[in-house]
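Here is a quick briefing to read with the model open beside you.

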Amino acid sequence: MAGHSKFKNIMHRKGRQDAVRSKMFSKLSKEITVAAKMGDPDPDKNPRLRLAVQNAKGQSMPKDNIQRAIAKSQQSDGANYSEIRYEGYGPGGTAIIVEALTDNKNRSAAAVRSYFTKYGGSLGETGSVSFMFDRLGEIVYKEEVGEADAVLEAGIEAGAEDVVSDEDGHTILCAFEDLSEVSKALEGTLGEAESVKVIWKPQNLVPVNEDKAGSIMKLMDLFDEDDDVQNVFSNFDIDEETLAKLG
């Protein structure tokens, strides 16, 4: 998920870490299975699968889990998943993009619509908010991979468009169609990334007050708990003081 906040720190409350980790692995496994089924089961011959595997490794997903997910793609009785993107408006006029992998489009659409409605939002048509975002490739490294200047230089040499470093680590952005090539080049200089994915980056952020922030966080929780939802992106901006109160 994405939004201008540290909401992951307050979403994953004490006692939920194991459940959150299990759900994350489940979603990573689904992406690996779908990628392998749509292309070649060999990551070296399938860019999407290679990125899915690299992302899973970055999240410390066990190798056996990764292999099982790839093997599942070759089973004739496996579920057929469809990729769907939902767009809508959340609390405070914030724009939200939801990406899902589902074997039942009607179920997913009904669930996502109910989430928006529950917190005063509305599900829109495809394209209703995505024009407010840029489609980019994102590669994230932890802070210990190197100094900011060294990561910046590696990013430029790999063909990245932007590199942002802070106390949490390094975020490298590139054109989404170049993600596989750029991530592979960076792996050669910086090692395996913590995450490699295609994102929707908001062009502008929407500040929200404490009341709306609480509703947004609850809405994000619902998306996070839905097995069909893979990624959620938004343009909300919640300040640190408000986040502290919500936590």
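R48 is partly exposed, because its relative accessible area is 25%, and that label covers the range between buried (under 20%) and exposed (over 50%), using a 1.4 Å probe and protein chains only. Keep in mind that this is a predicted model, where local features need pLDDT of at least 70, side-chain atom pairs count only at pLDDT 80 or more, and totals for chains, interfaces and linings use all residues. Residues are numbered from 1 along each chain as its sequence is written, and side-chain values use heavy atoms, with hydrogens and water left out.

**Salt bridges**

- Side chains of opposite charge can pair when their charged atoms come close.
- How many salt bridges does a search of the whole structure find? The search turns up 11, where a salt bridge is a side-chain nitrogen of Lys or Arg within 4 Å of a carboxyl oxygen of Asp or Glu.
- R48 pairs with E83 through their side chains, at 2.8 Å from N to O. This pair links distant parts of the chain, with R48 in helix 3 and E83 in strand 2 (residues 82-89), 35 residues apart. Helices here are DSSP runs of H or I with at least four residues, strands are runs of E with at least two, and both are numbered from the N terminus.
- E83 counts as partly exposed because its relative accessibility is 49%.
- K57 and E192 also meet in a salt bridge, at 3.9 Å from N to O. That pair again links distant parts of the chain: K57 is in helix 3, while E192 sits in the loop between helix 7 (179-190) and strand 8 (195-202), 135 residues apart.
- K57 has a relative accessible area of 43%, so it is partly exposed; E192, at 43% relative accessibility, is partly exposed too.
- E99 forms a salt bridge with R135, with the closest N and O atoms 3.1 Å apart. Here the link runs between E99 in strand 3 (residues 95-102) and R135 in strand 5 (residues 133-142), distant parts of the chain that are 36 residues apart.
- E99 is buried, with a relative accessible area of 14%, whereas R135 counts as partly exposed at 31%.
- K30, D103, R107 and D228 are tied into a network of salt bridges.

**Second largest pocket**

- The second largest pocket has a volume of about 190 Å³. A pocket, on a 1 Å grid over the protein atoms alone, is an open set of points where a 1.4 Å probe fits, with protein on both sides within 12 Å along at least five of seven lines. Grid points are joined across faces, edges and corners, and the volume is the space filled by probe spheres set on them.
- Which residues line the second largest pocket? The lining is P43, R50, V53, Q54, K57, K63, I66, Q67, I70, E187 and E192, and lining residues have an atom within 4 Å of a point.
- By class, the lining has 4 nonpolar, 2 polar and 5 charged residues. Nonpolar covers Ala, Val, Leu, Ile, Met, Phe, Trp, Tyr, Cys and Pro, charged covers Asp, Glu, Lys and Arg, and the others, Gly among them, are polar.

**Aromatic pairs**

- A search of the whole structure finds 2 aromatic pairs. Rings of Phe, Tyr and Trp (its six-membered ring) pair if their centres lie within 6.5 Å; planes under 30 degrees apart are stacked, over 60 edge-to-face and the rest tilted.
- Y115 and F223 are edge-to-face because their ring centres are 5.7 Å apart and their planes at 80°. Y115 lies in helix 5 (residues 105-118) and F223 in helix 8 (residues 210-225), so the pair ties together parts 108 residues apart in sequence.
- F116 and F223 are also edge-to-face, with centres 5.6 Å apart and planes at 65°. This pair links F116 in helix 5 to F223 in helix 8, 107 residues apart.
- Y115, F116 and F223 form one aromatic cluster.
- Are Y115 and F223 buried or exposed? Both are buried, and F116 is buried as well, at 0% relative accessible area.

**Two loop residues**

- F176 is in the loop between strand 7 (169-175) and helix 7, and counts as partly exposed at 41% relative accessibility.
- Leaving aside neighbours within four places in sequence, F176 is in contact (heavy atoms within 4.5 Å) with R135, L136, G137 and V198.
- T94 is in the loop between strand 2 and strand 3, and is buried with a relative accessible area of 0%.
- T94 touches G88, Y89, V206, V208, I216, S234, N235 and F236, not counting residues up to four places away in sequence.
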